[in-house]
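User: Please go through this model and say what each label rests on.

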Amino acid sequence: LAPGSKVILNVHGGGHVIGGLAQESRVMEEFALDLDLIVMNVDYRKLPEVSPIVQVLDVASAYAYLLSNGVRPSDISMHGCSAGSNIIVSLLSHLRQSQSPLPQAVVLESLMMPGGGYKDF
């Protein structure tokens, strides 16, 4: 990643149990081309093989990867659809509580439940 790269961290929907990278790849590809940015699609592990907390940790790992590779929080946007939105809200809650840097912007589509975060995170 080049310094100053603008990145969308995309978290797909699927009710926490289905879905994957191909689900939104065309739309994200258009965003990347139209807006001259990089899209990082996160294929988190699914229920019931893992707990919801593990899904949040999968996305947290992707965010940490961007930060550790020189992408500034001000150059990162997060996008989630349905279950992906829910995972992002939980991650943001954790980041805020731990006083970690927050992304510049967040777009949540079809949020499954309002606000919150997983209690056991």
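Analyst: S5 lies in the segment before β1; strands (E, at least two residues) and helices (H or I, at least four) are DSSP runs numbered from the N terminus. The model is predicted, so local features need pLDDT of at least 70 and side-chain atom pairs count only at pLDDT 80 or more, while totals for chains, interfaces and linings use all residues. Residues are numbered from 1 along each chain as its sequence is written, and side-chain values use heavy atoms, with hydrogens and water left out.

User: Why is S5 called buried?

Analyst: Buried means under 20% relative accessible area, exposed over 50% and partly exposed in between (1.4 Å probe, protein chains only). S5 has 12%, so the residue is buried.

User: Which residues is S5 in contact with, leaving aside its neighbours within four places in sequence?

Analyst: They are I38, V71 and D75, where contact means heavy atoms within 4.5 Å.

User: What makes β2 and β4 edge strands?

Analyst: Four strands form an open parallel sheet in the order β2-β1-β3-β4; two strands pair if DSSP finds at least two bridges between them. β2 (38-42) and β4 (105-109) each have a single partner strand, so one side of each is left without a neighbour in the sheet.

User: How many bridges join β1 and β2?

Analyst: Strand β1 (residues 7-11) pairs with β2 over five bridges, in the parallel sense. Within this pair, L9 stands opposite M40 in β2.

User: What places K46 over the face of Y44?

Analyst: A charge sits over a ring if NZ of Lys or CZ of Arg is within 6 Å of the ring centre and within 35 degrees of the ring normal. K46 lies over the face of Y44 at 5.0 Å from the ring centre.
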